[in-house]
Amino acid sequence: MTQQLVQLAAEEQQNPLIPPGPELVIGLVTFAIVFFFLGKKLLPNINKVLEERRAAIEGGIEEAEAMKVEAQSVLEQYKAQLAEARHEAARLRQEAQEQGASLIAEMRAEGQRQREEIVAAGHAQIDADRKAAASALRQDVGKLATELAGKLVGESLEDHARQSRVIDRFLDELEEKAEAAR
């Protein structure tokens with residue numbers, strides 16, 4: 001039992017933070033094996049994956065920058081085309097307005113010409129109708145005057161030549177009096 005007590009006393013003197021010698025050697029050998037395995041096998045694979053990831057990220061950033069530059073270029077081209085299209089639309093609109101104004105002016109001139117033709121034709125028709133009416137009236141007035149004169153005189157005035165001269169002279173006198181009254 002004394003031996004057991006000595007052993008217990010020896011164990012009590014041992015520091016709990018410092019492991020016993022054989023455990024320390026086994027732990028160091030195991031740590032060296034794990035460290036060697038990590039250093040030679042696992043760490044290069046991890047570094048390789050990390051390097052690939054870094055390259056992919058940097059490549060993605062460079063690609064994104066290139067796409068951003070390209071997008072900016074396309075945007076500038078689009079803006080230029082849009083400005084050109086707006087300018088072209090304004091030019092076409094201006095041309096259409098000018099053509100419309102020209103067409104309106106031409107139509108007005110054509111309408112004015114047609115109106116003048118119609119008015120001239122109307123005046124010509126009125127003159128022709130007036131002359132026809134005057135001629136018809138002259139014949140009717142002459143006939144009536146001859147009949148009336150025949151009734152007043154008591155004899156027939158059927159001689160056409162004399163009748164025409166009398167009627168013409170009478171109507172000419174009436175026209176002269178009408179013009180003098182104006």
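**A walk along the chain**

Author: Starting from the N terminus, the elements of the chain run α-α-α, and the secondary structure comes to 3 helices and 0 strands (helices, H or I with at least four residues, and strands, E with at least two, are DSSP runs numbered from the N terminus). This is a predicted model, in which local features need pLDDT of at least 70 and side-chain atom pairs count only at pLDDT 80 or more, while totals for chains, interfaces and linings use all residues. Residues are numbered from 1 along each chain as its sequence is written, and side-chain values use heavy atoms, with hydrogens and water left out.

Reader: What share of the residues counts as buried?

Author: Of the 182 residues of the chain, 3% count as buried, where buried means under 20% relative accessible area, exposed means over 50%, and partly exposed lies in between (1.4 Å probe, protein chains only).

Reader: And how much accessible surface does the chain have?

Author: The accessible surface comes to about 16,300 Å², and 62% of that belongs to carbon and sulfur atoms. Such areas come from the Shrake-Rupley method with a 1.4 Å probe, and for residues only the protein chains shown count as cover.

Reader: Which residues does the "transmembrane region" annotation cover?

Author: The UniProt annotation, from an unreviewed entry, places a "transmembrane region" at residues 24-43; UniProt positions are given in the numbering used here, feature names are shortened, and annotations may be inferred rather than shown by experiment. In the model, residues 24-43 are 100% helix and 0% strand, with their end C-alpha atoms 25 Å apart.

Reader: Which residues form the nonpolar patch on the surface?

Author: The patch is formed by V34, F37, L38, L42, L43, I46 and L50, which together have about 600 Å² of accessible area. Patches are made of residues with over 30% relative accessible area and no salt bridge, joining like charges within 9 Å and nonpolar side chains (Val, Leu, Ile, Met, Phe, Trp, Tyr) within 5 Å. Taking L43 as an example, this residue lies in helix α2 and counts as partly exposed at 44% relative accessibility.

Reader: You mentioned salt bridges, so how many are there?

Author: A search of the whole structure finds 7 salt bridges, a salt bridge being a side-chain nitrogen of Lys or Arg within 4 Å of a carboxyl oxygen of Asp or Glu. One of them joins the side chains of R54 and E58, at 2.7 Å from N to O.

Reader: How far apart are R54 and E58 along the helix?

Author: They are 4 residues apart in helix α2 (residues 21-153), so about one helical turn separates R54 from E58. R54 is partly exposed at 38% relative accessibility, and E58 is partly exposed at 37%.

Reader: What about R113 and E110?

Author: Their side chains meet in a salt bridge of 2.3 Å, N to O, and both residues lie in helix α2, 3 residues apart, about one turn of the helix. R113 has 36% relative accessibility and counts as partly exposed, as does E110 at 31%.

Reader: Which residue does R130 pair with?

Author: R130 forms a salt bridge with D127, and their closest N and O atoms are 3.5 Å apart. R130 is exposed, with a relative accessible area of 51%, whereas D127 counts as partly exposed at 35%. Elsewhere, salt bridges that share partners join E51, R54 and E58 into one network.

Reader: Changing topic, which residues line the largest pocket?

Author: The lining consists of A134, L137, R138, V141, L171, L174 and E175. Helices α2 and α3 (160-181) each supply at least two of the lining residues, and the largest share, 4 residues, comes from α2.

Reader: What volume does that pocket have, and how is a pocket defined?

Author: The volume is about 170 Å³. On a 1 Å grid over the protein atoms alone, a cavity is a set of points where a 1.4 Å probe fits but cannot get out, while a pocket is an open set with protein on both sides within 12 Å along at least five of seven lines, and lining residues have an atom within 4 Å of a point. Grid points are joined across faces, edges and corners, and a volume is the space filled by probe spheres set on the points.

Reader: Last one: is Q139 buried or exposed?

Author: Q139, which is found in helix α2, is exposed, with a relative accessible area of 59%. Q139 and I167 are 28 residues apart in sequence, and their C-alpha atoms are 8.6 Å apart in space.
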